[in-house]
Each structure stands twice: as structure tokens, then as C-alpha cells.
Amino acid sequence: MSRYPHLLSPLRVGPLTLKNRVVFSAHLTNYAEYGKPSEQHAAYYAARAAGGAGLIITEEHSTHVTDWPYEKLIHGFDPAVIPGYRRITDAVHAHGVPILAQLNHNGGQASSMFSRLPVWAPSPIADPLFREVPKALELHEIRDVVDGYALVAEHCVAGGFDGVELQCSHSSLVRGFLSPATNVRTDAYGGVLENRARLLFEIVAAVRSVLGPERALGVRLCGDELIEGGTTIEEAVAVARMVDATAQVDYINTSIGVATATLYMIEASMQVPPGYAMFIPSAIREAVSIPVIGVGRFKDPVQADRAIAAGQADLIGVVRGQIADPDFVRKARSGSAQDIRTCLSCNQECVGRMGLNRWLGCIENPRTGREAVVLPMPTRRAQRVLVVGGGPAGLQAAVTAAERGHRVTLLEKADRLGGQVPVAASVPSRAEFLDITRNLAAAAQRVGVDVKLQHEATADEITADAPDAVILATGAVPARPWWAGDLTQVVDVRDVLEGRASPRGRVLVVDELGFHQATSVAELLADRGCFVEVATPGMVVGQDLGITLDLETWNVKADAKGIAQLTDVVPMSATEGITLTLQHHPTGTDLTRTVDWVVCAVQQRADDALWQALKGSLFPVHRVGDCVAPRRAHAAVIEGHRAAVAL
Amino acid sequence: MLTESFTIGSRTAPSRALFGPHETNLGSGRALSDRHVAYYRERAAGGCGVLVVETASVHDSDWPYERAPLAADCGPGWTAIVEACSPALVLASLGHTGGQGSSAYSQQPLWAPSAVADAVSRELPMVMEDTEIAVLTAGFGTAARLAMASGCAGVEIEAGDRSVLRQFLSGITNQRADDYGTDKARLLREVIAAARAAVGDGLVALRLSCDELAPWAGITPEHALELVPTLDVDLLTVVRAGPYAGSAYRPDAHVPEGFNKALCASVKAVARCPVVLQGSVVSEAFASSALAEGGCDLVEMTRAQIAEPALLQKLRTGAAPRPCVLCNQGCRVRDARNPIVSCIGEPRSGHELSDALPVDGGSGEVLVVGGGPAGLECARVLALQGFSVEIREAAEILGGAVLDAALGAGRERLRALVAWLAAECDRLGVKVVLGHEVLAAELSSYSGRVVLATGASARDTGWVDARDALRGVLQDGPVLVHDPVGGPVGVSVAEKLAADGREVRIVTQDPIVGTLLSLTGDLADCNTRLQQLGVPRELKSLLRRASGGTAVLEDVWTGAQRTVPAAVVVDCGPRLPREELYETGMLRAGDCVAPRTILEAVLEGRRVALELGA
């Protein structure tokens, strides 16, 4: 008997039989090339199929030429996509896993930047993100929309998909029609729910007639738009009931929020509790007879299994979990769930790259987004590799090198692995960040890396040892800003988090990084009773938290904890007291703050002493991560991996 | 003088107008594409003298934006551009953006002289060691050889807006203790020498920041005057740009035309080669007088030639070129979304391979209802195609919503676009009836074809419409500008009212004002101007209601409410299409389809005209 009897049990969904309940649900990847699915798409989905996913649903395929909200969207309406579809479906079917295509028209949640055509929506109400007034659809255009879904369904059938899912949830024309917030029509498509849902049912009928009975049709609904005047759970359940009553739909998928208004609740970061959106499938499941998918921060098989056992959903969408580890299901099934490279919900390289029009990656899986790039064959001659430094860069280098057959020793001067990661994760709301090095440390043990803690490597020792290759991952050290002088109560974030300083009273956090460093320490100190203000030269405190969808929760928490925020200021001097003079650079005026402590979240200095001592040695010396230039964790992982592959 | 030929070293440019290097996002992968070729071909055919192709990275450690050309991939593209662009001199721009680049595409550390993070990206670069410096210098040489083998007249070395060479020249970014730090120009000289060795009798041009606008440590004009005479180059484009200079390199219309003129003249006085004046030069009048005054030898008119590909040809024949209005709305495409370079007045720019040109052969009468940008462009293109066209406009003047937008602070130049459209319509014989509000009954009795371009109207908010506020129709008392859009309108209304001496504040749901202005480069600048004007920015706030001299604002995150003084609320929100005359199947364009920007109005006005002519 499996440890996950509910999660790993098969389920019939319309004409399909799924081997388990884990769905790799639809999500953007930016892998499309000039409107067509790429080889990377096929390799990406195939990796998750090989890893045992029960069902794969691709990212959205646009159903009409008026829908082009971002550059790398698959133009499903163009028959030229069919060979790319076939490449995906063949690659996935090779592993015996069914795959559906998601069809969508983003409606008013778009701009004309790429299409050079008016945006289509039920009513001329501008989207909160794109802010372009759409053209209210005329009746003949509604027919075009329905025809577009049918056309793309035909392409999907020709391309070998096992069915399609209609995106009617967080970014879609159909949701736009369903929602009283965006549909103020007075014709047969506006007003009462039956009218607002009319487009959905016309599409369902048209698509089902294309699919026939052998292929599956799903509908993804938004359970709560989280916007003023929008759809809430009661109406979502009513729509689900109507969908079920058509007897033409095989399952219902769910989501929460509106992508262009409340994205931070759709792809929630670690600031939002796991399972936060399960009230939606729970409510819908009670009202319908077809299977229901629940989503939202499912990180491990236990949690997913319990949700199914509790009747919250029939299937669980595990997206980021399988982005981080394609073998999520295989490892769960084989009894090695502890080996799953669990997702952090950090959103840095997956969600964070999507809004920036970059390919989807993963902070802890350097192969995500690069599945189609074949790695060179592992070496035949095992080398003796010495890795110095046990942060994410060194750990990743060690793990990859050992996986590729090398004999690896890792020296870490501290008494624990992880480098700066355990420090960053010591703030309660950032605890899940620890998984990156916890996963890596477990992997290092698994693949036989010889880890020596409390071992500070010296150049002489390494030279004497003369390994076949050295990878330096010695990290970074705090750098004192020029204005700090020798004031003892001006300290670095790391001084606080590593316990060397315990600020009390009034604290000014000076943030030049715009990421979690400043906001984390601000929260921590406010929780300890300090009166905290965060000052930044930027226009916004924690600017890059916007990319990871943490800016909203930061602002809410900052307000609740009484943390003040000060923007557009540059420190000019600090005197005993401590009185800090800041220049407000837009106006050139000076202002002062008198505080008990100043905590600096500023750029660090690369610890490259060993590099300087060893470069030019007879044996190859590589350096990776912060000791090259102090940056974020993804750079450390990518560089560690790359250096090890290149050995 | 502008239209006359000019000899640079061994080569002769057919005019003194230069088309400078700029991001287009027309690339295919990191190569130059057919779209590039078509884009440059039109400017060369229009009489451009020196055409500098989009900057190519000399080494794959530099990948500053997704479609940034890579020199190693540019050979065939340079060849095709050279073949398409005779007799213009084609220079290959070669660069490396160093610490101002992006690691997002290369996933490698950025290269820079010192460990100084870029002010915008905040990403810390790696310090270049001798190995990287040698690779970089060799990269310039290799790229220059390829450019020459591809038929280019020479190369332009990028040491201006985003450049590792400028970063080496500047005390802000170069804090090295080695020879490259004590002699900050050393790398530039080595790179010039490498290029010189590679180009043979070809040209080595340089685009040089002569003012970083950061005098405490950056490159100053004084530094530049010392440096320039020591440089072995054939052509020098004088620019201002630096790590804290933001939009200064190619600002929008908030900065006057030709802002570098004095700087350029002072550099020319010491230069050993011809000098190019860069910086928002868009009019023939300014360019010609700058040349006549002798402070420059050529004039960069990049945006003027994006707006009017046939700029020099038109000036030669006495025709009026379509004006660039320095809005930066369509042509400034340094944006992660990879928008295609284009122009609000000439939307075919960047789309030369897909957008048709007007063809003669139209006949019959067409009535265009509405004389804003959509109606004017439609009428102009219809008339070009041989139609007999009449515009009926409700107002007493042509121009539509643009006239009001142009009342906003810093937006005065917009008027030039509709004035040009109106003059072209006049020249082409379009009949114009002003002060005539067309009614449905009138249309039903009209026998010819009809195009609606009736624009938009204000939402029914109960507040003062932005257009009325711009016209000066505003009661006394404190003003609250409500800007849920974050485009140019709200900011320009607030600035104008503040400049008029009104007490103004601006409210937005966003954490900063003018979020959509990231595309035009005015985002940081507009927030700075508002703060300098003393306009309080009510950020992260929703306007809930206003009455009795106060408005109630609500924090978007916490829901906490507060009141601010507001005798008047000016609404700068989205507008509604005017559809009174519309019946299914009628032709229409611009805001009456969906209220958007001038770009869409002109694009759709033209599209409808071409559709009728097809």
C-alpha cells in the first residue's frame, strides 16, 4: 500500500483514465517562438510526464488574432502550430501520460502592443494592469470568438491532444463576461448570470462538437475574483453547477483571483499559507458530479494526499512543485518522497521571469527551462574535485559534479551547510527559503559528496593537495557603507540575522538592494518591538518584491507592524547619536533621522581571497556564485551547476 | 547644408543627417533580420547621410536585452543592410553594456570595471580582470573586421548611454587601482586602436558621453575636452549619459530640442575630426541653424527619421516632413516586453514588411466624420489614393482630443502632428467643414461611403473632465487630480495646474505616479518634477468620494481612509467611445472604437483608408 493512497490512486476523467491525482496544471512558460510551440515545450512537458504526473495541461493557446497580451503566446488560431502540438503530445504520450491543451482568449486583460488591434471585452472597461480601454464585442464578433475556440480545438485534435481545457478563470474573456465587474452589457450576454454565462456555454457546445466523445473537455473557473463587485464563491458554484448540467464537460479546474489585479493570490509566495484556495474546489465539489481540481501551494505529497482524503478536491494541481522537481510523483511512488526537491514558493525564477517576458526557470533546478538543451555526456574518467564553500553555489557544484561521476570533497568553514541561506530563512516569514540548501545538502549526502564542516581551506593546503579541479564558492562578506564611519550601532543585515547585533528602540533600515534583505529585517525588528523605518534611494521600498508577488503582503504587514517607508533618499552622513542625514534626491533637500540603530541592506563584497591566491594554478580553478559577484541565489545555483558540467 | 553631402575620411555621406543606433526589437534571435533591412532601407532611400545600425554586442558576455544583436551573428544582416542602403554610409555600432547589461538572458555575471551596482538594476557586476579586458578589446577588433568584411563603411564604438567603455572612463564606475583606473581612458584608446587596425581605410566613429550629469565623480565636459583631442577617431557623436542620468540621453519633449548644442560646440572646438550633434534634434530649422553656426558638422536626427523616413528627400523637394513630436511613445522600446519600434504618427515604422503603402486608384466620395488624428489620417490617405474626401468636424478647429492633450505641460509639441495632418489634408484637397455636428439622419441621406472617427467622451463620474481642466475651465480651490491610468495625461494636468499656481495633489492606486511612462522614459522624471513643484503624491490610494471641499482617499492595502483638501476633482481616467452614429458594419477608427492613444487612432484611420482603396 502506497504511503499516499489517495493521491496515487487512478481516476477516470471523462474518456481518460489518469494514473494518479497529480496534475501539472496550465501555466505560462514563455517558451513559444514566434507564436509556435518550441522544442523546449516538448522537452519540458515530457520531463514531467516521465516523472509520473497524472495529467498535463499545457499553457494557454490563443483562440483569436485579437488576443496577444504578451510576446511569447502560442497562436493556437494559426494552423502552423499543429506540428509543434504533435511534437509535444508525442513526447508526453511516450510516457503514457495524457495531455490537454488550454484554450483561451484573454479578453480585456491585454493590450494592443503586439496585435495592433483593439482589445476585445464585454464592455469598455479598462483592465487594472494593461489600462487599455477595450472594444465592446459586437454580436458578430462574439460568434467569431466562439468559432475561434472551435478552430483551435480542431488544431488540438489534429495535434494529438487528449482534449482541451477552457481557461475561464483568472485571465480570460469568458471570466470577463461572467463577472459583474467587467460585464455591464444590456443584451443577451449581460445582466443575469444565465446571460453572463451564455458565452461560456456557446463555447462549451462548439468545442465539444469538435472534440467528440473520445476527448476530454475541462472548464477552469475562478472561485473568487478578489476584486470589488466581482465574482464570489456563491456565483462560482452556481456557474459550476450549470457547467455540470451541460453533461458536456468532464472536469472543473479552479483558481482564485484575477491575474491583472490580484496575481499575488494566484501564484502565492511563501507569505501565503499552503492550501489557501481550497475553499473553492471544496464548495464546487459539493455541487457537481464531475471531478474537481484544487490548486495553490501544494509542495509535497502528504499535503496533497490529505486534501484529497478530506474531500476538498479530486485532483491536485502541483505546478511549482513539478517545476522544481519533475520527478515529484515518481519519488512519491517509489517511497523516496524525502528526495523531492521541494518548491520554496520563492517565485524568483518562475513567476518572477514570466512578467518580464523571459523563459520560465527555477531557483533550485538549473535544468528547468533548459530541458531541450542536452548536457554533455558525463566524463568517463572520474576527477578528484575540490569544492570550497557550502552555500548554494558550492553545494550545487558538488552535487552536479558527483552526479556526473566525479569524486567530490566539499570544504565549509562554518559548522553547517547553506551559506547565507539559513540566515535569510531565519526570519519567520521566509522560513521556506531554507529548503533550497536543505534539499541540496540532502542531495549531497545522497550522491556521496565528502562534506567537511568547520574546515577553512587555505591556498597552501589546496595547492599541496593538487586536485584535478577546484571550484571556489567562497561567497560574500558584508561591506560597510562609506558614510557609516566607525559607528558601532550602524550594522549590516547579516549582523542582525546572525546574532552579532541586537538593535533596540528606533531603527532605520537603509535599503539599497530592493529585495527581501531589508523588508525581512524590518519585520523581524518590528516584531521584537523596535520602531522601524525603511529608507531607500529607489522610488518604492522593496521594489523587486513586485516581481515575486511579495510587495502586496509586505505592504500589508508593514502597516500592521507600524513600519514606516521612506523613498527617494540617499544617506549622506551619520554622526554619533545616531543622526543620519539623508538627501531627498528629487528635490535636493536634506532630511535627518535620529535613531538608536541603523541596519544596512547594501551590496556585499565578494570574498575572493582564494581566487586571487589560486588563479593561474597548475590545476584548473573555477569560481561560482557570490565570490564572483554577490548576487541572488539563482545565480549561485546556475553557476555551480554550469561549472560542474564543464569539468 | 543639412541636405548636402559631406566627406568623412575616405567616404562621402549623401547628407549631413545621421540615423543613430537605437533598439528596435526587430531582431531575429541575436541576428539582424529582414525587418531591420526594410526599416533601414526606407531611411536610406529618404536621404539619410550616415546610418548607424543597432548596436551589436562584441562579445557574448553582453546580452543587454533579449533581441540585442550579437556582432558574431550580424555579418549577413550588415551585408544586406549595406546593399539596401546605398548611398548612405552604413556604420556598424559596436558595444558592450558592461554593468548596465542584464544577466537575465546570458545567465552569466555582468562585466564592469569595478564592483559598483547599476543604479537601475541594482545588480552587482564582476570586476573585469586582465583576461576579460583582453577578450573585450579583441572582441571589438573581431567585430570591426566582420563589419568591414560585410561591406560597412566603418564602425561606431559605443561609449555613450550604456557602455562598459564609458564605465571605465567614469570615476563613478571605475574605482580600479591598476593602470585602467589611474588612466581611465586607457581601455577606450586600446579599443579604438583595435578597431582602427581592423577597419583599414574604413571609418572609426565614436559615440561618447561628454557629460554624465554627475559632476562629483562622473565624466564632466571638462574631462571630455581633455580626452577628445587624444582620440584617434574619424567621427565623434557628442552625447550626455551616465549611471544616474536616466532619460537624459534621449528624453521626451519635456527637454528642449537640441539640448546638447552648446556641449557639442565646445567639443567640436577641440576635436580633430567631424562632430555630430545629438539630442532631440527633430526640426530642419534647428538642424540647419546648428550647422550654420559651425558647432557641429553633422546632426543626428534619429527620431525625426523614425517619424518621417523620407525626411531629407522631402526637405530637398520643399515638402513638409511629418514631424517628430518627441513623445517617445512608440519609438523607445527598451522594455522587457520587446515592443517593436514604431511611431505614433507613422505606425508603419518598424512594420515596413507588413504594412501596405497607399496606392492610387481610389474613386468616389468618402465622408469622414470627425477631424481628430484618426479622421485626419484617414482623410489624408484616402485623398492620396484619389478619393474625393470631406471631413465634417463638430469643433471649430481640426485636431480633436490631441489639441487638448497638447495643453498639458510638456506636451505642446503634440499639436504639430495634427497641424501637419491638417495641412496635408488641405494640400491634397480634402474638403473640411468645421463646426458641424453630424447627425444620424444626415448620414442616412448621404450617398457616399462614411468613416466614423468621432472620438471619445468623458466617463460620467461627476468630476471635472481632464479636457475641461486643461482648457482652464476650473473653479477655485484645491485640486485633486485623479489618475487611475498612470499615463501622460494625469501628470501633465497636475503639472500644468501647479505651474498655473493652483494647489494640486495627484492620487493614484499605484506606488508611484505615471507607471505607464516607463515606456517613454519619463517615469522617474515625472515623479521628480511633481515633487519639485510641490505636488503631493497620494500614492497607493483610491479616491472614494469628494464633497464639501474634501476628498476621501483609501489605502489600497489597508483600507484605511483619510481626507485631503479637494474643492475640485479632475478625472484623468479612461474614456468612453462615442458610438451614437454607429451601426453594425460601419467603418470606424480610433477612440470611437475604443479610446486609446494617438498611435491607435492614426493606425486605424490609415487602415480604414487603405481598406477602402484596396
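1. Of the 647 residues of chain A, 64% count as buried, where buried means under 20% relative accessible area, exposed over 50% and partly exposed in between, with a 1.4 Å probe and protein chains only. The model is predicted: local features need pLDDT of at least 70, side-chain atom pairs count only at pLDDT 80 or more, and totals for chains, interfaces and linings use all residues. Residues are numbered from 1 along each chain as its sequence is written, and side-chain values use heavy atoms, with hydrogens and water left out.

2. Chain A has a radius of gyration of 26 Å, which agrees with the value near 26 Å for a compact globule of 647 residues; the radius is taken over C-alpha atoms, and the globule rule is 2.2 Å times the number of residues to the power 0.38. The C-alpha trace of chain A spans about 75 × 65 × 45 Å along its principal axes.

3. Chain A contains 22 helices and 27 strands. These are DSSP runs numbered from the N terminus, helices being H or I with at least four residues and strands E with at least two.

4. Helix H14 of chain A covers residues 392-403. Eleven of its twelve residues are buried, so H14(A) is largely enclosed by the rest of the structure. Its cover includes strands E13 (384-388) and E14 (407-411) and helix H22 (633-645) of chain A. After H14(A) comes Gly405(A), with a positive phi near 95 degrees.

5. The largest nonpolar core has 93 residues, and Trp78(B), Leu188(B), Leu206(B) and Leu208(B) have the most contacts inside it. Such a core is a set of buried Ala, Val, Leu, Ile, Met, Phe, Trp, Tyr and Cys residues joined through side-chain atoms within 4.5 Å. Apart from it lies another core, of 82 residues, with Leu217(A) and Ile323(A) among them.

6. Over all chains there are 83 salt bridges, each a side-chain nitrogen of Lys or Arg within 4 Å of a carboxyl oxygen of Asp or Glu. One of them links Arg116(A) and Asp355(B) at 2.8 Å, N to O. Both residues lie in loops, Arg116(A) in chain A and Asp355(B) in chain B, so the pair joins two chains. Arg116(A) counts as buried, at 14% relative accessibility.

7. Asp544(A) and Arg122(B) also form a salt bridge, with the closest N and O atoms 3.1 Å apart. This pair, too, joins two chains. Asp544(A) is buried at 9% relative accessibility, and Arg122(B) is buried at 16%.

Key:
Chains lettered and ligands numbered in written order. Expected span 1.5 Å × (residues − 1). Contact = heavy atoms within 4.5 Å.
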